[in-house]
Every structure is written in C-alpha cells, then in structure tokens.
Amino acid sequence: MNSFFDEFVNASTGLKEFIENSRKTLEKQHLREREADYEKKNKERSKITSSSLENHAASTYMKEMLRRFQHELKESGAYVVIEKKSNAIYQHYEAYKTTVQEEYRKYYVLIVTENGTITCVCRKFESSGILCRHIIRYLYKMQWSEIPKQYITLRWMVGGNERVGALQHKHPKIGDFLLKGIC
C-alpha cells in the first residue's frame, strides 16, 4: 500500500492533488488491465504442454496468472500422487517428488466428496489465489479437463477486470464530490 501511495503523495500533497493523482493512477492501472484483457482475447497464448488443464487456464486466466499456473503445472510433473484413504466423506491423497520420498517432503491433498472442496497442506491457493502443483497433479491424474470453478478467482480471469474494475471505479465519485464540494 505504501508503494502505491509513494508514487504521488508526499508531505506537501494537498487533498485535491491527492484525489486527482490517485484517480489518474487507478485509471492507468485499469487501462493496463483492459489492454491485457484485449491482448488475451486477440492473441494465441503460448503453452508449455498439450494438457487440457493448461488449455482451460489459457482461455480463462489473464497473462500473469497463466504464467504462474504454467509454472505450477510444470513443477507438478515432478510429483506422484497416491491415494492414502477414501470413504464416503473424503478422499485423502499424498503427493511427493519422485526423487525425494522423505516424510517431511510429503504434501497432503484432501477432497471433500460432498461439496468438491480440494485443499492442500501447502495452502498456496488460500495465500495466492492459484492452485498449487500438488492439486494440479491430482487434477491431472484424475483426468480433469478444466480447473474447478471455485478455484478460479474472478480478479484473475480474462474479462474479470471489467466486472471487478467497474466496482472499483465507482469510488472516485466520492473524490468528485470532495473536489467540487470541499476544495
């Protein structure tokens, strides 16, 4: 947050100047994201595999998130996923690198059967909004052709910026009010 404000705020910045500069910065950011959306819609994305999961990611994610997904997809190839326990409530899988089988290097993937929730002990999705290599490996092993909808964050989707961005850009109206009414 500090780095965002440091671009246009210092000790002598007035309220009017602050609002104008922050609006311009948000508009520039929104424009960059719209350009990225346009680029995604009109250019073929380079893929690292012929995986249907990657094809789905390429048609769904913005450029940067596709790059992150591809990194996780590439790294997932070094893992083996085996079922440890399964019942009517959940499925428990263990993921580990094929070259290292030490106990501390194992990751546990849990699938709740009732609602389709998939979690991993590494908690990458919860911290960064993208699936980890362990879950991707599980999806690949189970021959999923698409990333489950609940694991695609609207903010990182192509066109998601139009929906999320519209909500974000309603706030400058407060600034307009301040500029006209107070300053």
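In which helix does A36 lie? In this predicted model, A36 is part of helix α2, which covers residues 15-42. With a relative accessibility of 27%, A36 counts as partly exposed. The C-alpha atom of A36 is separated by 7.1 Å from that of K63, although the two residues are 27 residues apart along the chain.

The chain as a whole contains eight helices and four strands. Along the sequence these elements follow the pattern α-α-α-α-β-β-β-β-α-α-α-α. Of the 183 residues in the chain, 34% are buried. Among contacts with a separation of 6 or more, 49% are made by residues 24 or more positions apart.

Two helix pairs were examined. Two packed helices are described by the angle between their axes and the distance between the axes. Helix α3 (residues 52-60) packs against helix α4 (residues 63-76) at an angle of about 165°, and the two axes are 9 Å apart. The angle is over 145 degrees, and α3 and α4 are therefore roughly antiparallel to each other. Their crossing is right-handed. On the α3 side the contact is made by L53, E54, A57 and A58, and on the α4 side by L66, F69, Q70 and L73. Sorted by class, the residues in this contact of α3 with α4 are six nonpolar, one polar and one charged.

Helix α4 also packs against α6, here at an angle of about 70° and with the axes 8 Å apart. The angle falls in the range of 65 to 115 degrees, and α4 and α6 are therefore roughly perpendicular to each other. The crossing of α4 and α6 is right-handed. Residues F69, H71, E72, L73, E75 and S76 of α4 make this contact together with R133, I136 and R137 of α6. By class, the contact of α4 with α6 has three nonpolar, two polar and four charged residues. Residues F69 and L73 of α4 are listed in the contact with α3 and also in the contact with α6.

Helix α6 spans residues 133-141, and its buried residues are R133, H134, I135, I136, Y138 and L139. The elements that cover these buried residues include the helices α3 and α4 and the strands β1, β2 (90-97), β3 and β4 (117-120). Just after α6, Q143 takes a positive phi of about 60°.

The aromatic rings were considered next. A pair of aromatic rings is described by the distance of the centres and the angle of the planes. With ring centres required to lie within 6.5 Å, the count comes to four aromatic pairs. In one of them, Y79 and Y107, the ring centres are 6.2 Å apart and the planes stand at 70°, so the pair is edge-to-face. Y79 belongs to strand β1 (residues 79-86) and Y107 to strand β3 (residues 107-112), so the pair ties together parts that are 28 residues apart in sequence. Y79 is buried, its relative accessible area being 6%, whereas Y107 is partly exposed at 24%.

Strand β1 also contains I82. I82 counts as partly exposed, at 28% relative accessibility. Between I82 and V109 the C-alpha distance is 9.8 Å, with 27 residues separating the two in sequence. Leaving aside residues up to four places away in sequence, I82 touches H92, Y93, E94, Y96 and K141.

Backbone torsions were examined in two loops. Most residues other than glycine have a negative phi, and most peptide bonds are trans. R123, a residue other than glycine, has a positive phi near 60°. R123 is located in the loop between β4 and α5 (124-128) and is partly exposed, with a relative accessible area of 43%. Q143, likewise not a glycine, has a positive phi of about 60°. Q143 is found in the loop between α6 and α7 (160-168). The relative accessibility of Q143 is 69%, over the 50% cut-off, so Q143 counts as exposed.

Key
Residues are numbered from 1 along each chain as its sequence is written. This is a predicted model: local features need pLDDT of at least 70, side-chain atom pairs count only at pLDDT 80 or more; totals for chains, interfaces and linings use all residues. Side-chain values use heavy atoms; hydrogens and water are left out. Buried means under 20% relative accessible area, exposed over 50%, partly exposed in between (1.4 Å probe, protein chains only). Axes are lines fitted to C-alpha atoms, for helices over the stretch in contact, and angles run from 0 to 180 degrees between N-to-C directions. Angles under 35 degrees count as roughly parallel, over 145 as roughly antiparallel, 65 to 115 as roughly perpendicular and the rest as oblique. A crossing is left-handed if the near helix is turned anticlockwise from the far one by less than a right angle, and right-handed if clockwise. Contact means heavy atoms within 4.5 Å. Ala, Val, Leu, Ile, Met, Phe, Trp, Tyr, Cys and Pro count as nonpolar, Asp, Glu, Lys and Arg as charged, and the others, Gly among them, as polar. Rings of Phe, Tyr and Trp (its six-membered ring) pair if their centres lie within 6.5 Å; planes under 30 degrees apart count as stacked, over 60 as edge-to-face and the rest as tilted.
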